[in-house]
Amino acid sequence: MKPKEHTRQVRDKVVEKFKAGLGYKKISQALNISRSTVQSIIRKWKEYGTTANLPRHGRPPKLTGRARRALIREAAKRPMVTLEELQRSTAQVGESVHRTTISRALHKSGLYGRVARRKPLLKKSHKKSRLQFATSHVGDTANMWRKVLWSDETKIEVFGLNAKRYVWRKTNCTSP
């Protein structure tokens, strides 16, 4: 991150002292600024004839630092939040940005979209019925289990929706 710039008054003082005939070292000691900074202020004054801030190169960022930090905080707090939800939350704050911009900001902070692990959503009733089945068949013989028809072809929806869920994770993160 770029350090803060000196105020216009300080830069004008540097130029005044330079016009008075002081050297870079004496100016830097008098104003408590590094010599290279004094040198660059004077170089800019000689080249452009001003100490004002000149227009910068490139487009300024669409997301402010505050909005970017809020996005990162939201994605870390609620990992299953979608880009559309994040986009709506930034629009409520007053900054309308594209999903790609949000994704790029999250990627810069180290958060990436990963497929969440699928695990059975077992309720207490499921656990109770499984335990009841196991206790009722604990004494069954091997001969009885040979009579049971086992099938691998049945698809049972144990996980709820049969869709991939994405979560925001840091790289090499193993937390659920």
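The side chains of R56 and E5 form a salt bridge, 2.5 Å from N to O. By salt bridge I mean a side-chain nitrogen of Lys or Arg within 4 Å of a carboxyl oxygen of Asp or Glu. This pair ties together distant parts of the chain, 51 residues apart: R56 is in the loop between α3 (35-48) and α4, and E5 is in the segment before α1. Helices here are DSSP runs of H or I with at least four residues, strands are runs of E with at least two, and both are numbered from the N terminus.

Before going further, this is a predicted model: local features need pLDDT of at least 70, side-chain atom pairs count only at pLDDT 80 or more, and totals for chains, interfaces and linings use all residues. Residues are numbered from 1 along each chain as its sequence is written, and side-chain values use heavy atoms, with hydrogens and water left out.

Back to the pair. R56 counts as exposed because its relative accessibility is 55%, while E5 is partly exposed, with a relative accessible area of 38%. The cut-offs are under 20% relative accessible area for buried, over 50% for exposed, and partly exposed in between, using a 1.4 Å probe and protein chains only.

How many salt bridges does a search of the whole structure find? The count is four. R78 takes part in one with E74, at 2.7 Å from N to O. R78 also bridges to E85, where the closest N and O atoms are 3.6 Å apart. R78 is partly exposed, with a relative accessible area of 40%. E74 is partly exposed too, at 23% relative accessibility, and so is E85, because its relative accessible area is 32%.

Next, an arginine without such a partner. Side chains of opposite charge can pair when their charged atoms come close. R11, in helix α1 (residues 8-19), is buried yet has no salt bridge. The nearest side chain of opposite charge is E5, 4.6 Å away. For charge, Lys and Arg count as positive and Asp and Glu as negative, with His and the chain ends not counted.

What does the side chain of R11 make a polar contact with? The partner is the side chain of N53, at 2.8 Å. A polar contact is a pair of N or O atoms within 3.5 Å; within protein, one must be able to donate a hydrogen and the other to accept it, and residues adjacent in sequence count only if both atoms are side-chain atoms. Setting aside neighbours within four places in sequence, R11 is in contact (heavy atoms within 4.5 Å) with H6, I41, K44, T51 and N53.

Now the nonpolar part. The largest nonpolar core has 13 residues, and those with the most contacts inside it are L63, L86, I102, L106, L111 and W168. Helices α4 (65-77) and α6 (99-108) each supply at least two residues of this core, and α4 gives the most, with four. A nonpolar core is a set of buried Ala, Val, Leu, Ile, Met, Phe, Trp, Tyr and Cys residues joined through side-chain atoms within 4.5 Å.

Not counting residues up to four places away in sequence, L106 touches L71, I72, A75, L86, L111 and W168. A67, also found in helix α4, counts as buried because its relative accessible area is 10%. A67 and T90 are 23 residues apart in sequence, with 7.2 Å between their C-alpha atoms.

One backbone item. N32 has a positive phi of about 60° although it is not a glycine. N32 sits in the loop between α2 (24-31) and α3, and N32 is exposed, at 73% relative accessibility.

Last, the whole chain. The protein chain has eight helices and two strands, in the order α-α-α-α-α-α-β-α-α-β from the N terminus. Of its 176 residues, 18% are buried. Among contacts between residues at least 6 apart in sequence, 61% join residues at least 24 apart.
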